[in-house]
Amino acid sequence: MKKTNIVLFGPPGAGKGTQSKFLNERYGLHHVSTGDLLRGEIQAETPLGLQAQELMSAGELVPDDLVVGMIRNLLEDNPDAQGFIFDGFPRTRAQAEALDETLIRIGDPISLMLALEVPEEDLVKRLLGRGATSGRPDDKSEEVVRKRIREYEKKTAPLKEFYHAQGKLRRINGIGSIAEITARLTDAIDG
Ligand code: ADP
């Protein structure tokens, strides 16, 4: 059977993690968050985690080969998944190309990129609000939050054009209630 592979895209704080949970329940897709995987590596104090930790707390991206390696392992370890929701990946052109290459080799390319769009000032408010309770060091300082948004604008946002060129980009308004946004996403997937 054909798999559904979705890139859930958007700036930090756009709601990718929240919405991934609903999409996972509704479509049975495997949720893959590179941020969560990296935080797991840090927790476990692996060499990879040690390499990532400083960059993450400074609001910078970790090197491409490191996250691409994690994703390749995960795809190999889950050959029977019905499909994947990629959350926080790809974040650079090199990552997007590596993902395409790997998925094409397996036979199931990306179906859609759903791009959540939220204005910067809302993002900063959401992230600092989350930082008050989440314990995530990169959500605590406004400087680091803004640095992450800058990194997104510079290195990640251009990927919309990459997927648009493949006819896969769907822009989704990320302002509204969680349920409203879930409905917009499911409309885009079902339509
Ligand atoms: P958010 O989207 O809210 O910033 P994430 O959990 O997706 O949170 O990412 C947290 C941090 O992990 C990023 O700022 C970055 O340092 C690192 N990271 C996550 N995914 C990637 C990736 N695909 N490429 C490079 N760095 C990544």
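Predicted model: local features only at pLDDT ≥ 70, side-chain atom pairs only at ≥ 80, totals over all residues.
Biologist: Is R146 buried, partly exposed or exposed, and at what relative accessibility?

Modeller: Residues are numbered from 1 along each chain as its sequence is written, and side-chain values use heavy atoms, with hydrogens and water left out. Buried means under 20% relative accessible area, exposed over 50%, and partly exposed in between (1.4 Å probe, protein chains only). R146 counts as partly exposed, at 24%.

Biologist: Which residue meets R146 in a salt bridge at 3.2 Å, N to O?

Modeller: A salt bridge here is a side-chain nitrogen of Lys or Arg within 4 Å of a carboxyl oxygen of Asp or Glu. R146 lies in helix α7 (residues 142-156) and its partner in helix α6 (residues 120-134), so the pair ties together parts 25 residues apart in sequence. Helices (H or I, at least four residues) are DSSP runs, numbered from the N terminus. The partner is partly exposed at 45%, and its name is E121.

Biologist: Good to know! Which residues are linked with R146 in a network of salt bridges?

Modeller: The R146 pair with E121 has its N and O atoms at 3.2 Å. Along with R146, the network holds E120, E121, E142 and R150.

Biologist: How far apart are the closest N and O atoms of D108 and K2?

Modeller: D108 is buried, with a relative accessible area of 11%, whereas K2 is exposed at 56%. The two form a salt bridge, and their closest N and O atoms are 3.7 Å apart.

Methods: Helix = DSSP H or I, 4+ residues; strand = E, 2+ residues; numbered from the N terminus.
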